[in-house]
Amino acid sequence: MDLATWLNLVAVPFAAKICLVGMFPPSALDKVVHWDEAMEQAASGPLPFPALLLVLGILVETVAPVLIVIGWYDRAAAFVLMGFCAVTAVLFHRFWEYPAFWSRNGAGRAHFWDFLKNFGLVGGLLLVVIGGSYTPASEIVRHPLSSGPYAAEAPAKP
């Protein structure tokens with residue numbers, strides 16, 4: 001495999017996956033190291049069995065990113081992690097419950113941004129779930145203003 005092929009098909013997708021899911025293993029470790037604080041947050045939500053949910057969250061944040069990065073059951077792992085991010089946003093970042101959440105020092109303001117960031121991750125993970133083949137980095141450099149591989153010309157009519 002030549003360098004260009006390796007960059008296009010291995011290095012760039014690998015780096016993108018690491019950037020997408022790199023925050024989750026340290027987040028899992030933080031939950032283990034600061035168990036009491038994590039338990040308090042888990043118990044603040046509407047779901048029962050916060051300790052079980054916390055353990056499941058730690059497992060998801062540890063295992064799913066590894067599967068995504070190495071490409072083994074990556075779509076299933078991305079789907080699970082996507083659900084984790086969406087559920088976390090809706091259950092634990094309920095910015096709408098804070099009066100004047102947009103105010104400078106409002107507690108809801110941080111939740112608003114965390115909510116949006118979680119759904120940004122949902123979007124990136126959804127691309128892993130539905131994604132097909134990669135567009136080589138060399139094609140992106142050659143056609144930087146293209147809308148992507150789906151913008152290819154329609155086949156000629158017979």
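**Helices and their packing**

Reply: Begin with the order of elements in this predicted model. Read from the N terminus, the elements of the protein run α-α-α-α-α-α-α.

Me: What share of the residues in the protein is buried?
Reply: Buried here means under 20% relative accessible area. The protein has 158 residues, and the buried share of them is 30%.

Me: Are helices H5 and H6 roughly parallel or roughly antiparallel?
Reply: H5 covers residues 74–92 and H6 covers residues 107–130; their axes come within 8 Å and cross at roughly 165°. Angles over 145 degrees count as roughly antiparallel. H5 is therefore, relative to H6, roughly antiparallel.

Me: Is the crossing of H5 and H6 left-handed or right-handed, and how do the residues of the contact divide by class?
Reply: H5 passes H6 in a left-handed crossing. The contact includes Phe79, Leu81 and Met82 of H5 and Phe115, Phe119 and Leu121 of H6. Among its other members are Asp74 and Arg75 of H5 and His111 and Asn118 of H6. By class, the residues are 2 charged, 3 polar and 18 nonpolar.

Me: Is asparagine 118 buried or exposed?
Reply: Asparagine 118 lies in helix H6. The limit for a buried residue is under 20% relative accessible area. Asparagine 118 has 13% relative accessibility, so the residue counts as buried.

Me: Which residues is asparagine 118 in contact with, leaving aside neighbours within four places in sequence?
Reply: Contact means heavy atoms within 4.5 Å. With those sequence neighbours left aside, the residues in contact with asparagine 118 are Cys85, Thr88, Ala89 and His93.

Me: How do helices H1 and H4 pack, and what classes of residue make the contact?
Reply: H1 (residues 3–21) and H4 (residues 50–70) have axes 9 Å apart and pack at about 165°, so the two are roughly antiparallel to each other. H1 passes H4 in a right-handed crossing. Phe14, Lys17, Ile18 and Val21 of H1 meet Pro65, Ile68 and Val69 of H4. By class, this contact has 1 charged, no polar and 6 nonpolar residues.

Notes:
Residues numbered from 1 in each chain as written. Predicted model: local features only at pLDDT ≥ 70, side-chain atom pairs only at ≥ 80, totals over all residues. Heavy atoms only, no water. Axes fitted to C-alpha atoms, helices over the stretch in contact; angles between N-to-C directions. Helix = DSSP H or I, 4+ residues; strand = E, 2+ residues; numbered from the N terminus. Parallel < 35°, antiparallel > 145°, perpendicular 65-115°, else oblique. Left-handed = near helix turned anticlockwise from the far one by under 90°. Nonpolar A, V, L, I, M, F, W, Y, C, P; charged D, E, K, R; others polar. Buried < 20%, exposed > 50% of the residue type's maximum accessible area, 1.4 Å probe, protein only.
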